[in-house]
Amino acid sequence: AGQWAASARAGSSYGNPGYAAAKATGEPNVPVAGDSVEAWCPGTQNSGTDWIELTFAKPVRAVAVRVRQNNAPGAITKVEAFEPDGTVHGWSISKRSMH
């Protein structure tokens, strides 16, 4: 059992409401690989590192996180989990392609 992100904020977004950080919340709704206004997209292409921060409704002891990318797979370089006291946990990234 897991949960979807409840809210999101990002360093930048390509547009609003399309491509906005909020598109990374809730159950995934982009069924195919490729560009979609239903997914978050950073503000500019190839401009270096950007970030998105997701929050969840219920605090849990997480053992894994699943990230779904519909475009530019492999662009994620780091995943971190933050505890309420500010402790940060870095998670390794296992890459699988979307078909």
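E53 and R9 join side chains in a salt bridge, with 3.0 Å from N to O. The model is predicted. E53 sits in strand β2 (residues 52-55) and R9 in strand β1 (residues 7-10), so this pair ties together parts that are 44 residues apart in sequence. E53 is partly exposed, at 30% relative accessible area. R9 is also partly exposed, at 48%.

**Salt bridges**

How many salt bridges does a search of the whole structure find? The search finds three. Side chains of opposite charge can pair when their charged atoms come close.

| Pair | N to O distance |
|---|---|
| E53 and R9 | 3.0 Å |
| K23 and E38 | 3.1 Å |
| E80 and K78 | 3.7 Å |

K23 and E38 form a salt bridge, their closest N and O atoms being 3.1 Å apart. The pair links distant parts of the chain, 15 residues apart. K23 lies in the loop between β1 and β2, and E38 lies in the loop between β1 and β2 as well. K23 is partly exposed, with 26% relative accessibility. E38 is partly exposed too, with a relative accessible area of 30%.

The side chains of E80 and K78 meet at 3.7 Å, N to O. Are these two residues exposed or partly exposed? E80 has a relative accessible area of 38% and is partly exposed. K78 reaches 57% and is exposed; the cut-off for that class is over 50%.

**S36 and the loop between β1 and β2**

S36 is placed in the loop between β1 and β2. Its relative accessible area is 16%, so S36 counts as buried, the limit being under 20%. The side chain of S36 reaches the backbone nitrogen of E38 at 3.0 Å.

**The aromatic pair**

Y19 leads on to the aromatic rings. The count comes to one aromatic pair. Y14 and Y19 form this pair, and its geometry is edge-to-face. The ring centres are 5.1 Å apart, with 90° between the planes. Is each tyrosine buried or exposed? Y14 is exposed, with a relative accessible area of 55%. Y19 is buried, at 11%.

Strands β3 and β4 run antiparallel, and four bridges join them. F82 stands opposite V88 in β4. In a regular strand the side chains alternate between the two faces of the sheet. The hairpin has five residues between the strands. Within the hairpin, G86 takes a positive phi near 95°.

Where is P84 placed? P84 belongs to the loop between β3 (79-82) and β4 (88-91). P84 is exposed, with a relative accessible area of 84%. The C-alpha atoms of P84 and P31 are separated by 33 Å. Along the chain, these two prolines are 53 residues apart.

Note on methods
Residues numbered from 1 in each chain as written. Predicted model: local features only at pLDDT ≥ 70, side-chain atom pairs only at ≥ 80, totals over all residues. Heavy atoms only, no water. Helix = DSSP H or I, 4+ residues; strand = E, 2+ residues; numbered from the N terminus. Buried < 20%, exposed > 50% of the residue type's maximum accessible area, 1.4 Å probe, protein only. Salt bridge = Lys/Arg side-chain N within 4 Å of Asp/Glu carboxyl O. Polar contact = N/O pair within 3.5 Å; in protein donor to acceptor, adjacent residues only side chain to side chain. Pairing = 2+ DSSP bridges. Phe/Tyr/Trp six-rings, centres within 6.5 Å; stacked < 30°, edge-to-face > 60°.
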